[in-house]
Amino acid sequence: MINKVIEIIEEILTDKGEKLDIDICKDSQLRDLGLSSFDLATLTVKIEDKFDVDIFEDGLVTTVGEIISILEENV
Amino acid sequence: MEFFWIDSKRNLKITYDTFFQKLTEENNNNIFIRNDNPYLVFLNLLRNFISEQRSVLLDSDFSKEELLKLEISDTIFEQEKYLQPNLSHKFKTLEDIFLFLKKNEEKLEIDIYTSGTTGRPKKVTQSFKNLKRAVIYRKSLQDNIWGFAYNPTHFAGLQVFFQSFYNKNTLVYIFNKDFKEVYQDFKKYKITHLSCTPTFMKMLLPHVVKKLNKVKNLTFGGEKFDSRIEIVLKDKFPNGEVKNVYASTEAGSLLKAEGEYFVIPEKYLDFIKIQNKEILIKKELLGVSKSFDLENNWYRTGDLVELFDNGKFKFKNRKSEMINVGGYKVNPTEIEDIIKEVIGVVDVTVFGRTNSVMGEIVVANVIKEEKVDKEILNEKIKEITKLRLQEYKLPRSIKFVDSFELTRTGKIKNNKFIIKP
């Protein structure tokens, strides 16, 4: 699951034309990865399409690990 | 030293004395204002005012294509320049400028563009009087320090600007920057007032590490208030009084509410009404535009409300198909027209999908030619939309479908995410 989430984040960053020079892991802060509010919105849509879970439903998520926890609870 | 404008990203710290000097000195001005430095937008705008020139405000990130839709060519920025003479003999102090603005408030005008409902953005001409209708100035407000969190060329941005300028407050520009730095700006410059969209606040909240006790006032506008953030808001801004405003490019600032519930104030009882749960505004409160469709002098806003006792109401979704992306209104037709140009696209429908980060986001369902590769077409659509549209208008999801479902009336039914009136 974590690989799929990282893949989605990488896809969003690549679409923005950003270089993928940081390794994304569970502790990565979403904002440190350079994700704007538009990108976070895109992230929710892509995850919702894939796993049918709205990761931001109960408020804001700040790390990759938190996304994984929410998905593990709901998928 | 009283600061007028602080923008740490651009290394700008402008005092009121400097600003006054810049306003009155001889210099070139643009009638059509398009600048990515918000300080220069406001400088140019006020210089136009005191030179009794009109202003046309344009987003700095409009593409050539978007400008053409507004019937504005690239060359106009050079053509419509004029030289403002030195006005320092006419205006000796900032107070003279305030007096001049007061005297001429009905004459001074700004053109703003708003996403039209018929596929064409509409131009709305607002008098300065209308623009500053909601501005309050009094002595007790003179120490306010504002966080500026809107696009300067949009109505809400102009509101915050004039509210702050009239009270000679400091404006700290915190829009379009890293939210960690926004939080630092709050602490460093002791911001007391903030007006922003609920989306902006949702993005800022995770970065507010320690309580921001200095903040006295939080005003939200542009989209429906998200009550999920209320508890966190009270915790992080313990002294922040929360207000919601209802404003539109067509009519300016109209209603203010403590919390989520609005009422029509007495002075507007003859000018604002609710019919079939929709807000209607009378002609007298509107700016001037050829695109207004009036019914017996009433303008249908498309904004729907839920009614409660004692004339109280709460905003619901919009009746029209306009998509509200974090406070920005997007016209789906504009995006569909561009996607339809891509070779391999048979048809497309663009609509808003509910999103927990931005309220709504733009998504597209596409019917493609059978032989065309999905991946390649997807890339092509992303490329063309990115090139020709502002960031908030970009589809965040593109799906390939075999057909669009039709409703009984023959209209295209989007899917389960459609916002129903």
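The radius of gyration used here is taken over C-alpha atoms, and the rule for a globule is 2.2 Å times the number of residues to the power 0.38. Keep that in mind as we walk through this predicted model, starting with chain B.

Chain B has 421 residues, so a compact globule of that length would come out near 22 Å, and chain B agrees at 22 Å. Along the principal axes, its C-alpha atoms fill a box of roughly 70 × 55 × 50 Å. In terms of secondary structure, you'll find 12 helices and 26 strands in chain B. If you take the contacts in chain B with a separation of 6 or more, 64% of them join residues 24 or more positions apart.

Now for the inside. In chain B, 55% of the 421 residues count as buried. As a rule, nonpolar side chains in soluble globular proteins tend to be buried together. Here the largest nonpolar core has 122 residues, and Phe162(B), Phe165(B), Met201(B) and Phe237(B) have the most contacts inside it. Helix 2 of chain B, residues 38–50, gives this core its largest share, with 8 residues. There's also a second, separate core of 19 residues, which includes Tyr246(B), Ala251(B), Ile279(B) and Leu286(B).

Zoom in on Met201(B). Setting aside neighbours within four places in sequence, Met201(B) is in contact with Leu194(B), Cys196(B), Leu218(B), Phe220(B), Ile229(B), Leu233(B) and Phe237(B). Next, look at Thr199(B), which sits in helix 9 of chain B, residues 198–204. Thr199(B) has a relative accessible area of 3%, so it counts as buried, the cut-off being under 20%. Leaving out neighbours within four places in sequence again, Thr199(B) is in contact with Glu223(B), Gly326(B), Val357(B) and Met358(B).

As for charge, chain B carries 70 positive and 58 negative side chains, with the centres of the two sets 4 Å apart.

Over to chain A. With 75 residues, a compact globule would have a radius of gyration near 11 Å, and chain A agrees at 11 Å. Its C-alpha atoms fill a box of roughly 30 × 20 × 20 Å along the principal axes, and 48% of its 75 residues are buried. Chain A exposes about 3800 Å², with carbon and sulfur atoms supplying 43%. Its charged side chains are 7 positive and 19 negative, and the centres of these two sets lie 5 Å apart.

Notes: Residues are numbered from 1 along each chain as its sequence is written. Chains are lettered from A and ligands numbered from 1 in the order in which they are written. This is a predicted model: local features need pLDDT of at least 70, side-chain atom pairs count only at pLDDT 80 or more; totals for chains, interfaces and linings use all residues. Side-chain values use heavy atoms; hydrogens and water are left out. Helices (H or I, at least four residues) and strands (E, at least two) are DSSP runs, numbered from the N terminus. Buried means under 20% relative accessible area, exposed over 50%, partly exposed in between (1.4 Å probe, protein chains only). Contact means heavy atoms within 4.5 Å. Lys and Arg count as positive and Asp and Glu as negative; His and the chain ends are not counted. The place of a charge is taken as NZ of Lys, CZ of Arg, CG of Asp or CD of Glu. A nonpolar core is a set of buried Ala, Val, Leu, Ile, Met, Phe, Trp, Tyr and Cys residues joined through side-chain atoms within 4.5 Å. Accessible areas come from the Shrake-Rupley method with a 1.4 Å probe; for residues, only the protein chains shown count as cover.
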